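Open the model in your viewer and keep the selection tool ready. We will go one stop at a time.

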Amino acid sequence: MRDTYHEQLAEVADGLIEMSRLVGSAVSKATTALLDADLGAAEAVITGDEAVNALYKHIDQSAVMLLARQQPVASDLRTILTGLRMSNDLERVGDYAVHIAKVARRRHPASVVPVALRSTMLEMGQAAARIAVKAGTVIATRDLTLAAQLLADDDTIDDLHASLLQALLDRSNDFGVEATIDLALVGRYYERLADHATSISHAVTYLVTGEHTDPESYAAE
Amino acid sequence: MAKRIVAKDVDAYYGAFKAIEGVSLTIEPKTVTALIGPSGCGKSTFLRTLNRMHEVIPGARVEGSVLLDEEDLYAPGIDAVAVRRTVGMVFQRPNPFPTMSIYDNVAAGLRLNGIKGRQRLDEAVERSLRGANLWTEVKDRLGKPGAGLSGGQQQRLCIARAIAVEPQVLLMDEPCSALDPISTLAIEDLMTELKDRYTIVIVTHNMQQAARVSDTTGFFTIDGPGDPGRLVEIDTTQKIFSNPSEKRTEDYITGRFG
């Protein structure tokens with residue numbers, strides 16, 4: 001019954017999965033661009049974002065169409081509401097990957113990351129990419145255990161972000177003003193994109209259970 | 001095959017009363033067009049001008065023209081009965097012929113058109129019942145009275161009867177208003193299937209139904225009691241239900257008037 005409608009709903013879910021795949025790979029590639037001063041990788045992230053934005057727009061239009069025409073209720077309604085939120089979050093994750101890639105491009109052929117901070121940055125980049133990919137898996141599987149893990153993963157990023165800032169403020173390190181600003185920004189981008197991935201975890205929890213996650217946990221982020 | 005309908009400046013009267021005025025629109029083949037609007041806005045009257053059913057009422061007449069592809073249904077010398085064979089109709093309440101079996105209900109129109117021979121009729125009855133998504137439910141009781149079916153099944157029987165004579169256009173006047181929600185969805189699914197072969201025009205009070213099933217939606221309204229109904233806006237259903245051009249359409253579909 002209502003085959004076309006269910007196909008259209010599935011299309012929204014498929015769009016989100018595709019989007020998460022794209023932004024997951026963009027985050028990894030942006031980290032490569034950053035650490036290896038890889039201009040090709042940076043350019044790929046920047047131009048690749050167009051596909052993410054196109055999917056975002058498509059999901060938006062599909063959602064408006066479904067809401068206007070199909071009167072979705074119950075889990076169908078939550079699929080669309082959370083679909084809108086999640087596509088918004090994924091689009092932002094993609095934008096942060098672009099920001100990171102642009103920093104790498106601006107400093108090319110020099111590297112943004114001084115040797116002393118390489119391992120922190122690498123760890124941050126890897127954790128961020130892992131979170132982005134996991135967010136995609138959570139969307140695809142609606143696995144609440146995995147969704148809960150995402151919140152813990154975000155704590156790792158927050159810790160790394162804090163230690164990065166500490167290193168930047170340490171007077172014995174002199175990275176130069178420009179590099180310090182870039183590093184502070186890049187650290188912030190990773191931290192923010194991980195937050196967007198966490199909010200996907202909340203959205204999936206709401207999608208599955210119909211219960212809003214405790215607002216305390218939002219505030220704690 | 002499915003035909004394009006072009007209405008040009010159609011007025012319809014009941015005696016001296018002008019029920020609709022100046023309706024012009026184009027309905028593309030193999031699409032579902034929904035006509036919505038408040039009670040008395042003339043949407044059913046307009047629908048009935050599309051197969052010359054309006055003039056069946058004493059004193060009723062139509063001005064303007066309705067073209068089916070290139071042919072004007074109201075040109076002199078056109079046979080109204082032939083028009084109704086080409087442009088089939090399904091009504092609000094399921095109205096199977098009460099004394100006839102399921103089989104005979106579907107075969108009635110074919111026999112009337114001179115189709116004979118058990119095998120030909122059997123084939124056409126099965127094809128029509130399959131087309132109306134009713135075959136599996138009734139194939140073992142084709143000899144039983146059509147009136148013994150559930151409301152939703154009766155309505156699908158009426159659709160089978162309508163498509164048995166292979167019309168090019170199917171008009172539906174509130175085909176689901178007497179049905180429960182599940183039967184309603186079954187009929188709506190059926191419309192989506194039927195539009196591969198027919199041009200479908202449906203009048204419905206149920207805006208959500210119009211939103212769900214149609215490709216194009218037309219909104220009719222009246223300015224006040226005694227005024228003729230007019231077509232306010234017709235556009236893609238997507239546009240009408242997400243961003244209509246006319247404020248009156250917006251007010252109606254959002255429940256602010258009507």
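The tour visits one chain, then the place where two chains touch.

Before you start, note that this is a predicted model: local features need pLDDT of at least 70, side-chain atom pairs count only at pLDDT 80 or more, and totals for chains, interfaces and linings use all residues. Residues are numbered from 1 along each chain as its sequence is written, while chains are lettered from A and ligands numbered from 1 in the order in which they are written.

**Stop 1: chain A**

You will find seven helices and zero strands. Helices are DSSP runs of H or I with at least four residues, strands are runs of E with at least two, and both are numbered from the N terminus. Follow the sequence and the pattern reads α-α-α-α-α-α-α. The radius of gyration of chain A is 19 Å, close to the 17 Å from the globule rule for 221 residues, so chain A is as compact as a globular protein of that length. That radius is taken over C-alpha atoms, and the rule is 2.2 Å times the number of residues to the power 0.38.

Now show the C-alpha trace of chain A. Along its principal axes it spans about 65 × 35 × 20 Å.

**Stop 2: where the chains touch**

Which chain gives 10 residues to the contact, and which gives nine? Chain B gives 10 and chain A gives nine. Residues are in contact if their C-beta atoms, placed from the backbone, lie within 7 Å.

Next, select α7 (181-194), α8 (207-213) and α9 (237-242) of chain B. Each gives two or more residues to the side that touches chain A. The largest share, four residues, comes from α9(B).

Methods:
Two residues are in contact if their C-beta atoms, placed from the backbone, lie within 7 Å.
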